[in-house]
Amino acid sequence: MSAIERLNPLINAVVQTDPRLGIGSGISGQPILIKDCMDVRGLPTTNGSSLYGKTPAESDSETVRRVREAGYVIVGKANLTEFCFGATGDNAHLGRTRNPWDPMRISGGSSSGSAAAVASGMVRLAIGTDTGGSVRVPASLCGVVGLRPTLGRVSNQGCLALSLLCDTIGPIAPTVVEVASVFAAIAGYDPLDPVSVEGDPQPLSDIDKGVRGLRIGLPRSFYFENLQSEVAEAVERAAAVFERLGATLVDIQLEDPKALSEHRAFQFVLADVADSRRDLMRDHREQLGAEVRRRIELGEQVSGRDYAQCMRALWRYKSELRSLFADRVDLLLTPTTPTTAPLWADSHDMVETTRRVAGLTYELGATGVPSMSVPCGLDRAGLPIGMQLSAAWGREGLLFRAGNAYQKETGHPVMPDMGRPGLQGPA
Amino acid sequence: MTTEMPSPGDSASVQTRKALANIERWNPLVNAMITVTADEAQRAATRLDRAAEEGEWCGVLQGMTISLKDCIDMAGVVTTGASKILSDNIARSDAFITRRLLQNGAVIVGKANLHEWVYGPTSQSKHFGPVRNPWNPDCIAGGSSGGSGAAVACGMCVGSIGSDTGGSIRIPASFNGVAGLRPTIGRISNGGTLTVSAAFDTVGPMARHVSDVARIFDAIAGHDEDDVASVDRPVPNFLSRLRDPVRGMRIGVMRRWFFDGLHAEVERSVDEAIATFRSLGVEIVELDLGDVERSQPLLAFNILVADALQVHAEQIGRRAPDYGEDVLTRFRLGENVSAVQYAEAMRWMESWRHRLRRAFGRVDAILAPTTPMPAPLADGSDFIESVRQLTRLTYAWSFAGVPALAVPCGFTADGLPLSFQLAGRWFDEPAVLRLGHAYQSATRHHLRMPVCPSSTAPRRG
């Protein structure tokens, strides 16, 4: 709690702490922070908006219930983009979450507070949500590990809905081992969640098995194009580490993501969000943050025919990934974000910045496969770079194996020195 | 004049001869077939019979005569989709299921008429003429698999492959007095067939006997890696258990909405069917599945019209005058759908599927009437309203993606067939087929045959 009190005025990652946990309250169990779009009994859920959170939540969301049951202690709620919708980490109501590596830069979003709190050392564990990249993008930009699980693996019950086809909940931590432990606690079938899938995730049994014999695919087109050169170099170095550890690298060409991206195939998610927020857009349009409102309005303009086209494109991409994972590779390796964290000064246009930083996460997320961002170095400005590992549906265990092997080989990620001179006061 | 029905017990050649004779006799009246592949059928039948004489097993269909809805490719034969635009569209190769049928010993007798572009429930096609109902030629045969339903009813084939997006197998099965299975989405490949909506289209078998529907299903179900919607999941060996007793199985019935506003004779016959299941030892469980009334408007008008327009928009831009007016109007409805409306329907779909998952924990199948009325007159003054009504009860199961089997369950006083549908769990076609077969073993509705008024001249228009 003292780390939160000391650092939060600068970073603004935590929007409320549980008043039942004072300093010296003698809590036992590992502290964990919950993104403020999930119900925690007794605390209001703001969803990053001025329109929610008037009263405390009456019960825990399913994920929070499982977190508590596993012995973690919920210390508070993390900042987020309004309605989890946008990847900069700005919030017109709660204030922006700053990047602990450089407060002049964006933290990424929408799980901005979850990633920044972990990166700055306020907590070691946090829960975020990921619809189009909202765990992976801030994890990448803040230099921590973030998991988007398989669609339906972690219950969304009691969490704000954006898109039933894409919403997931996942952990953020400095290490793959910690992420895997939290995932093991929250994963599992929930009969109350319409998209929950049955099956035993068994994520931890293989975590120390290494990558020897695994085939890692590098989709050269699209995912390795238009990158900041240091990002490309860092991911190539990470690939070389995997190869040295006994994995086989396979160059692959994925046809669909490029076509998908060019045809703006994932605009269906904008429409899903406009549908999920239709009552607010009807009754309280003016009370939404201007950039979030503008992005939802883009969703309102998409045609049904385009939505239909998105669905067909998505099916084709899923089919391509199915045969790829069935026949050729165990894992895919790509950058998580094409650049390191941009400056706030260059990110006023939230829609454009989101398109840029989430450009490599949207398509994979929509197919429902699990992906994890793992830090893999710093650029010349000292900003963290993230790689994205993806596996077939239900194979989170492979992500943990590879990510853990990488961290054991290269050392755990460097964390920013939060006591460094000049790091004071809101930028 | 009585019709000599081809029977699966006949040799392939005898069955084919009877089927072709019935096509010759009936088709001028009901217009069920667009293309007849008589020569190929006879050759195939001869080959199959010779192989059988030599003691060779030719597959589970053993010479069964089958027609294909004319949206399914057969190499070297035209696939018209009942559209002027495709009237010269010779298929280069077999559809996945055509291949499977032939590999399993089917004799394909030809291509069945349908609603233009697989896109309507009446089969009143402009370019290839309307399909007429064999039980009363003044009535519609239903659609879009209208030719398939009529062809099976009057013995042009033992089985037919139809396709179903919102009800296109079950509605003509109901109106023509035959059984028809809409399988689980992804269970049977759509490779080599015309698309209405990739997410909701599925081909499926039709036949008088549920046991024949089951055999055809067994022959064509299974994964096709070239169809992105196909699901890679083994097909259980269920034919040997088709005749297992159904005592102790549970059927859910939702009286509200599914039984509201029914034609009196539909209600009576479906209630009798429920009583028959009770007498077979099936437990009937009352269910309430919530706002199922939203299924038809949300699937039809928020999703399917957008999906279908997405498929056709470019071609409509070039060739609008070559579309029938009715289908063109319906395609253009898609222009008014927003993605937000589409998203709303997708959200409802998840909620509906979720409710059904829970319901199927309590019951093995859910029984409802297939259509709220028997086949309406083709030129009735209430035709538009009829069209809306006759698709009312089939959309719910399409939306869920679950299998649904239409089974004939009686006749009106005027001699028009009546039908119920059994919806089952995802990938549990065996359960609905078993129940449907048990029902037919206890009843004789499916054995009644239409009488061909062969002395009358072919009708026009």
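These exercises, each with a worked solution, walk through a predicted model.

Local features need pLDDT of at least 70 and side-chain atom pairs pLDDT 80 or more, while totals for chains, interfaces and linings use all residues. Residues are numbered from 1 along each chain as its sequence is written, chains are lettered from A and ligands numbered from 1 in the order written, and side-chain values use heavy atoms, without hydrogens and water.

**Exercise 1. The sheet of chain B**

Task: Give the strand order of the open sheet in chain B, and find its edges.

Solution: 
- Start with the terms. Helices (H or I, at least four residues) and strands (E, at least two) are DSSP runs, numbered from the N terminus. Two strands pair if DSSP finds at least two bridges between them.
- Read off the order. The eleven strands run β1-β3-β2-β8-β10-β9-β14-β15-β13-β11-β12 (chain B), and the pairing is mixed.
- Find the edges. β1 (33-36) and β12 (283-286) of chain B each have a single partner strand, so one side of each lacks a neighbour in the sheet.
- Axes are lines fitted to C-alpha atoms, for helices over the stretch in contact; angles run from 0 to 180 degrees between N-to-C directions.
- Zoom in on one pair. β14 (residues 404-411) and β15 (residues 417-424) of chain B are antiparallel, with seven bridges. In this pair, A404(B) faces A423(B) of β15(B).

**Exercise 2. Helices on the sheet**

Solution: 
- Contact means heavy atoms within 4.5 Å.
- Take α4 (residues 146-153) of chain B. This helix touches β1, β2 (65-69), β3 (107-112), β8 (159-164) and β10 (202-207) of chain B. The direction of α4(B) makes about 155° with that of β8(B).
- Take α13 (residues 429-442) of chain B. It lies across β9 (179-182), β11 (250-253), β13 (365-369), β14 and β15 of chain B. Its angle to β14(B) is about 15°.

**Exercise 3. A helix pair**

Task: Describe how α8 and α10 of chain B cross.

Solution: 
- Two packed helices are described by the angle and the distance between their axes.
- The axes of α8 (residues 295-319) and α10 (residues 339-359) of chain B come within 9 Å and cross at roughly 130°.
- α8(B) is therefore oblique to α10(B). Angles under 35 degrees count as roughly parallel, over 145 as roughly antiparallel, 65 to 115 as roughly perpendicular and the rest as oblique.
- List the contacts. On α8(B) they include L298(B) and I303(B); on α10(B) they include Y342(B) and W348(B).

**Exercise 4. The interface**

Task: How many residues meet between chains A and B, and what area is buried?

Solution: 
- Count first. 24 residues of chain B contact 27 residues of chain A.
- Then take the area. The two chains bury about 2,300 Å² between them, 63% of it on carbon and sulfur atoms. Buried area is the accessible area (1.4 Å probe) that two parts lose on being put together, summed over both.
- V228(B), Q310(B) and V340(B) supply 26% of the area that chain B buries against chain A, more than any other three residues.

**Exercise 5. Backbone exceptions**

Task: Where are the cis peptide bonds and the positive phi?

Solution: 
- Most residues other than glycine have a negative phi, and most peptide bonds are trans.
- In chain A, a cis bond joins G109(A) and S110(A), with omega about 10°. S110(A) lies in the loop between β5 and α3 (112-119) of chain A.
- In chain B, a cis bond joins G143(B) and S144(B), with omega about 10°. S144(B) sits in the loop between β7 (136-140) and α4 of chain B.
- S123(B) has a phi near 55°. Its place is the loop between β3 and β4 (124-125) of chain B.
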